[in-house]
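Dear colleague,

Please find below the structure that I am handing over to you. The notes that follow it set out what was found.

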Amino acid sequence: MSRHLALVPAHNEAGAIAATIEAIQAQAPQFDVLVIDDGSSDGTGELATAAGAEVLRLPFNLGIGGAMQAGYIYAEENDYEIAVQVDGDGQHDPSFISALLERLDHDAGLNMVTGSRFLAPVSGGYRSSAARRVGIRFFSWLLSLVTRQRITDPTSGFRMTDRRGIELFANDYPNDYPEVEAIVLMHTHRLRSAEVPVVMSPRLTGESAISSSQSVYYMIKVLLAVLVALLRARPVREAADAAAERSR
Amino acid sequence: MILATNQISSFLGQRLEVIIFGVLVCLVIFELVRRKHLMERYALLWLAAGVILLVLALWRGLLTTFSHAVGIYYPPAALFGLGFLFVLILLIHFSIAISRLSDQNKILAQRLALLQQRLEKDEGGQPDRERSEDEPVEGESTPSVSRGRG
């Protein structure tokens with residue numbers, strides 16, 4: 001068993017899941033693949049099993065946050081050292097996994113690496129709709145202010161964490177729209193993160209987790225969550241300590 | 001004189017209705033708890049409401065004294081205010097309860113998926129490899145998981 005795990009959350013992604021798994025196996029062969037089937041009704045889980053992935057079958061739809069956390073708990077309990085999130089819909093190109101891994105390995109103080117669509121030198125690829133880019137830019141500004149480092153793609157779910165990141169997210173992961181909050185979570189736990197340029201493609205099939213009518217709710221909810229996360233009286237405690245405490 | 005008696009009797013009538021209503025609330029809540037349709041934890045707030053209603057009906061000057069003390073000169077308005085406050089507290093109480101329930105629900109779903117994956121893996125031809133020391137083995141003998149692989 002390798003020490004690297006690819007977490008693939010999938011909700012009704014029957015059209016893309018097999019290709020995603022195969023791409024990970026081809027482009028990043030040192031990674032085991034865990035598909036988190038978030039209550040799919042179209043046989044996504046069975047297709048993933050057939051494609052050679054381990055599958056966590058959630059009994060009903062938990063939403064992306066709960067599904068991702070299940071994956072991190074699996075990674076924690078099975079002693080994985082590195083976990084990378086790859087969307088099940090084909091948006092994240094697994095050929096960039098090696099770039100993320102290289103950056104994480106290279107910089108010893110780093111706990112998380114995020115693939116960013118908006119970092120030079122890459123250009124082109126899928127960069128979301130214009131309306132969403134306004135939201136992304138806003139959160140980019142807010143998070144850069146909060147974390148005092150440049151964050152260009154706060155909504156990217158293409159991210160790789162080390163063991164401490166795995167333990168933190170297994171213990172505490174945001175619920176609804178986790179990407180932005182996860183960055184704040186890393187920051188409040190004094191873990192370091194960085195971005196690596198990637199190119200994303202538009203989703204192959206299926207539906208985005210966020211429809212346009214939900215965008216306003218998304219903005220307000222995430223804004224509230226960020227403010228609360230900053231105000232929350234959290235003792236400055238290492239993620240590893242929390243994990244050790246729980247296992248006691 | 002006649003006017004005054006009428007006022008008193010109508011006031012008494014209203015008090016009687018309130019007393020009956022308060023007693024009824026308490027009885028219904030007791031019955032729901034007895035039938036286990038309502039947990040004691042959630043019954044307490046409702047019982048408190050019924051008891052407060054009874055106290056206000058029996059202790060004549062209390063509402064007037066209270067409303068004047070807080071600067072409301074029309075006592076029924078104070079009653080409405082109290083009722084609104086009670087409903088507000090109840091709703092917040094429920095929101096907290098729902099949040100806790102959905103969090104527990106999430107943890108249960110995650111744990112179920114993790115256990116099911118481990119069970120299927122054990123049944124799928126890799127015996128003993130993944131079982132950690134602290135896990136009980138009884139799960140293996142229960143045939144409740146139908147999705148076994150051939």
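Among contacts in chain A between residues at least 6 apart in sequence, what percentage join residues at least 24 apart? The figure is 76%. Please bear in mind that this is a predicted model.

Chain A in itself

Chain A has 248 residues, of which 52% count as buried. Its secondary structure consists of nine helices and seven strands. Strand E1 of chain A, residues 4-10, pairs with E2(A) in the parallel sense, with seven bridges between them. One residue pair illustrates this: Ala6(A) has Val33(A) in E2(A) as its bridge partner. Strand E2 of chain A spans residues 31-37 and is mostly covered, since six of its seven residues are buried.

The interface of chain A and chain B

On the side of chain A, 19 residues take part in the contact, and chain B contributes 15 residues. Together the two chains bury about 1,500 Å², and carbon and sulfur atoms account for 53% of that area.

Polar interactions are also present. Six residue pairs are found in polar contact across the interface of chain B and chain A, and the count of salt bridges between the two chains is four. In one salt bridge, Glu77(A) is joined to Arg111(B), with 3.0 Å between the closest N and O atoms. By class, the residues of chain B that touch chain A comprise seven charged, four polar and four nonpolar ones.

With kind regards

How values were computed: Residues are numbered from 1 along each chain as its sequence is written. Chains are lettered from A and ligands numbered from 1 in the order in which they are written. This is a predicted model: local features need pLDDT of at least 70, side-chain atom pairs count only at pLDDT 80 or more; totals for chains, interfaces and linings use all residues. Side-chain values use heavy atoms; hydrogens and water are left out. Contact means heavy atoms within 4.5 Å. Buried area is the accessible area (1.4 Å probe) that two parts lose on being put together, summed over both. A salt bridge is a side-chain nitrogen of Lys or Arg within 4 Å of a carboxyl oxygen of Asp or Glu. A polar contact is a pair of N or O atoms within 3.5 Å; within protein, one must be able to donate a hydrogen and the other to accept it, and residues adjacent in sequence count only if both atoms are side-chain atoms. Ala, Val, Leu, Ile, Met, Phe, Trp, Tyr, Cys and Pro count as nonpolar, Asp, Glu, Lys and Arg as charged, and the others, Gly among them, as polar. Buried means under 20% relative accessible area, exposed over 50%, partly exposed in between (1.4 Å probe, protein chains only). Helices (H or I, at least four residues) and strands (E, at least two) are DSSP runs, numbered from the N terminus. Two strands pair if DSSP finds at least two bridges between them.
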